[in-house]
Amino acid sequence: MDMILLLGVVTGMRSMTAIAALSWAAWLALVPEHGWATWIAHLVVAIIFTVCALGEYVADTLPR
């Protein structure tokens with residue numbers, strides 16, 4: 001139940017934050033792997049999504 005609440009909170013932040021959090025949770029085995037989504041539980045995927053989320057935060061703070 002706590003993981004569902006966490007995903008709900010981060011989904012409201014930015015688009016890449018939720019998928020990065022889900023990827024880390026899957027890699028840490030906090031959520032069960034299921035069928036087609038097993039690729040998200042790899043460390044490399046979690047790092048890539050985290051870098052994308054951080055890039056999104058940086059891009060949002062730049063003045064335009």
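How far apart should the ends of helix 2 sit, going by 1.5 Å a residue? With 13 residues, helix 2 should span 18 Å, and its end C-alpha atoms are 19 Å apart, which agrees. Keep in mind that this is a predicted model.

**Helix 2 and what follows**
- Helix 2 covers 15-27, and its buried residues are T17, A18, A20, S23, A25 and A26.
- Just past the end of helix 2, A29 adopts a positive phi of about 65°.

**The nonpolar core**
- Nine residues build the largest nonpolar core: A20, A25, A26, V31, I40, A41, V45, F49 and A53.
- Two elements, helix 2 (15-27) and helix 3 (43-61), each give two or more residues to this core.
- Core member V45 touches S23, W39 and I40, once neighbours within four places in sequence are set aside.

**The nonpolar surface patch**
- Out on the surface, W27, L28, L30, L43, I47 and V51 form a nonpolar patch, together showing about 560 Å² of accessible area.
- Helix 3 supplies the largest share of this patch, with three residues.
- L30 counts as exposed because its relative accessible area is 54%, past the 50% cut-off.

Methods. Residues are numbered from 1 along each chain as its sequence is written. This is a predicted model: local features need pLDDT of at least 70, side-chain atom pairs count only at pLDDT 80 or more; totals for chains, interfaces and linings use all residues. Side-chain values use heavy atoms; hydrogens and water are left out. A nonpolar core is a set of buried Ala, Val, Leu, Ile, Met, Phe, Trp, Tyr and Cys residues joined through side-chain atoms within 4.5 Å. Buried means under 20% relative accessible area, exposed over 50%, partly exposed in between (1.4 Å probe, protein chains only). Helices (H or I, at least four residues) and strands (E, at least two) are DSSP runs, numbered from the N terminus. Contact means heavy atoms within 4.5 Å. The expected span of a helix is 1.5 Å times one less than its number of residues. Patches are made of residues with over 30% relative accessible area and no salt bridge: like charges are joined within 9 Å, nonpolar side chains (Val, Leu, Ile, Met, Phe, Trp, Tyr) within 5 Å. Accessible areas come from the Shrake-Rupley method with a 1.4 Å probe; for residues, only the protein chains shown count as cover. A salt bridge is a side-chain nitrogen of Lys or Arg within 4 Å of a carboxyl oxygen of Asp or Glu.
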